[in-house]
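Visitor: I would like to learn how to read a structure, feature by feature. Where do we begin?
Guide: Let us bring up the sequence and the structure, then go step by step.

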Amino acid sequence: MPAPQPGTRVQTLRWRDGRLEMIDQRLLPTRLEYRKAESAADVAQAIRTMVIRGAPAIGCAAAFGVALAARELRGGPSEEFDSGMESAFSLLAASRPTAVNLFWALRRMRALWEHAREQPAGDIAEMLLDEAHAVLAEDIGINRALGNHGAQLLASGCRVLTHCNAGALATAGHGTALGVIRSAVQEGKQVSVIANETRPILQGARLTAWEMVQEGIAVTLITDAMSGHLMSQGEIDAVIVGADRVAANGDVANKIGTYMLAVLAQRHGIPFYVACPLSSIDRQAADGSEIPIEERPAEEVLGFGDTRWAPTGVRVRNPAFDVTPAKLVTALITERGVVHNPDSRKIAELFS
Ligand code: MRU
C-alpha cells in the first residue's frame, strides 16, 4: 500500500502544468497514480470509467473539463469557439447521469461563459479556469463546514457504519460522510468506522478503508451483507452515508445498497444520517422517482479485474444507485447545518 506524503492530505484532483491530474481510483489501494487529462474529452472519459468518482469530485473534474475546452479552443477561429464549447458541455454532461453535482458544476461554468461571451476567448478561458479552481477550493470549505455540523451528532466512542466512499477521494478534500468522522476525530472524539465493502466496485474496501488506514482512524471492513447482523448485535451506533442526488422532498439517491442500510437502521432504531453539500440537492426533482439511476456494465457484476466468477450467458442487473425515501433519513447534514427529518419545506428553507 503506498504511503502518503508526510504531512499532506490526499489531493484527489489537482491542476499541474496546464493539465488536470486525478488520482486513478481504479488502482487504489495497490497503486497511487495520477492520470492526466488534457481535454474535456479526457475528463469525460475519466468520469465515465471511474478514474474519478464520487459526486462532488465529479463536479470539480467537470468544471476543469470546461476550462480545458476553452483553453484548447482559444487559439482557433472565433466562430468555432462557441460550437466547440457546446460540444464540450454535451460530452461532459453525458459522462454519468446520477450525481447532480456534475450538472450543477456545468451550469455554474455555463453561466460564467454566457456572462463573458463578448470578451476575447483567451480571457474567457482564464476566467473559466479561475472558476474551476474556485469550485475546488469551495468544496473543501463546504466539507469542513458540514463535517463540523455533523460531528456534533457523534458521541465519543461511537461506531459508525458507512457505505461506498464519501471521503476525500469522492470530493476535493476532507469528504462528506468521512468528513463528519474526520471532524469528530479532530475534535478529540474516539470514533471507529465500520466500512461496507460496497459491491460491485468495492469503493468501501478499496477507498474508504485506505483513507481511514492512512489517517490512523480505526476501521473494520465488512461485506455488505454483514451490516444487518452487526446492527442486531448492537455493534453499530450510527450510519452515515453521502449522496449523489437529494430530491426536493429529501429522498436520497446514493450508492446501491444504501436503501437496504436505511431500512435496517430503522428496524434497529439506529440513526441514519446523510451528509452532502447543497450542490447535491436537486430542487428540480420533486422526489426520488425523478432521479435517473445509472445502470453500469454487466462485467462489474460478473467478476472483478481479471477474475470472472459467473457463468457465460447469465443475465445481469447492475443499477449503481438506489433511492432511500426521506422518511428513513434521520437527518441531512449540510454546510448550512443539520436538517432533522428532512422534507420539502425544510429543504426549501435551506436555500432561502
Ligand atoms: O459510483 P460512485 O463511486 O461515483 O458513487 C459514489 C457514491 O455513491 C457516494 O456515496 C456519493 O457520491 C457521495 S460522495 C461524497
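**Reading the model: charges, ligand, backbone**

Guide: The structure holds 23 salt bridges. Keep in mind that this is a predicted model.

Visitor: Which residue forms a salt bridge with Arg 108?

Guide: A salt bridge pairs a side-chain nitrogen of Lys or Arg with a carboxyl oxygen of Asp or Glu, within 4 Å. Here the partner of Arg 108 is Glu 138, and their closest N and O atoms are 2.8 Å apart. Arg 108 belongs to helix H4 (residues 100–116) and Glu 138 to helix H5 (residues 121–151), so the bridge ties together parts that are 30 residues apart in sequence.

Visitor: What does the side chain of Glu 295 meet in a salt bridge?

Guide: Arg 317, at 2.9 Å from N to O. This pair links distant parts of the chain, 22 residues apart. Glu 295 is in the loop between strand E11 (281–282) and helix H10 (299–302). Arg 317 is in the loop between strand E13 (307–308) and strand E14 (321–324). Glu 295 is partly exposed at 41% relative accessible area. Arg 317 counts as exposed, at 60%.

Visitor: How many residues apart are Arg 345 and Glu 349 in helix H11?

Guide: Four. Both lie in helix H11 (residues 344–350), and that spacing separates them by about one helical turn. Glu 349 counts as partly exposed, at 45% relative accessibility.

Visitor: Which residues are linked in a network of salt bridges?

Guide: Look for charged side chains joined through one another. In this model Asp 82, Glu 86, Arg 110, Glu 114 and Arg 117 are linked in such a network.

Visitor: Now the ligand. How many residues surround the ligand?

Guide: Start with the shell, then look at single contacts. The shell has 19 residues, and the closest are Arg 53, Ala 55, Asp 244, Asn 254 and Lys 255.

Visitor: Which side chains put a polar atom 2.7 Å from an oxygen atom of the ligand?

Guide: Asn 254 places a polar side-chain atom 2.7 Å from a ligand oxygen. Lys 255 has a side-chain N or O atom 2.7 Å from an oxygen of the ligand. For Arg 96, a polar side-chain atom lies 2.9 Å from a ligand oxygen. Taken alone, the ligand exposes 420 Å², and the protein buries 100% of that.

Visitor: Where does the ligand sit?

Guide: In the largest cavity. Helix H2 (55–73) and strand E9 (252–255) are the elements that give two or more residues to the shell around the ligand.

Visitor: Let us turn to loops. Where is the place of Thr 198?

Guide: Find the flanking elements, then check accessibility and contacts. Thr 198 is in the loop between strand E5 (191–196) and helix H7 (203–215). At 0% relative accessibility, Thr 198 counts as buried. The side chain of Thr 198 reaches the backbone oxygen of Asn 196 at 2.9 Å.

Visitor: Which residues are joined by a cis peptide bond?

Guide: Most peptide bonds are trans. In this model a cis bond joins Leu 28 and Pro 29, with omega about 5°. Pro 29 lies in the loop between strand E2 (19–23) and strand E3 (34–37). A cis bond also joins Arg 199 and Pro 200, again with omega about 5°. Pro 200 is in the loop between E5 and H7.

Visitor: What is the phi of Cys 164?

Guide: Most residues other than glycine have a negative phi. Cys 164 is not a glycine, yet its phi is positive, about 65°. Cys 164 lies in the loop between strand E4 (158–162) and H6. Cys 164 is buried, at 8% relative accessible area.

Visitor: Is Leu 202 buried or exposed?

Guide: Buried, at 17% relative accessibility. Leu 202 lies in the loop between E5 and H7. Leu 202 has a positive phi of about 65°, although it is not a glycine.

Note on methods
Residues are numbered from 1 along each chain as its sequence is written. This is a predicted model: local features need pLDDT of at least 70, side-chain atom pairs count only at pLDDT 80 or more; totals for chains, interfaces and linings use all residues. Side-chain values use heavy atoms; hydrogens and water are left out. Buried means under 20% relative accessible area, exposed over 50%, partly exposed in between (1.4 Å probe, protein chains only). A residue is near a molecule or strand if one of its heavy atoms lies within 4 Å of it. A polar contact is a pair of N or O atoms within 3.5 Å; within protein, one must be able to donate a hydrogen and the other to accept it, and residues adjacent in sequence count only if both atoms are side-chain atoms. Accessible areas come from the Shrake-Rupley method with a 1.4 Å probe; for residues, only the protein chains shown count as cover. On a 1 Å grid over the protein atoms alone, a cavity is a set of points where a 1.4 Å probe fits but cannot get out, and a pocket is an open set with protein on both sides within 12 Å along at least five of seven lines; lining residues have an atom within 4 Å of a point. A molecule sits in a cavity or pocket if more than half of its atoms lie within 2 Å of its grid points.
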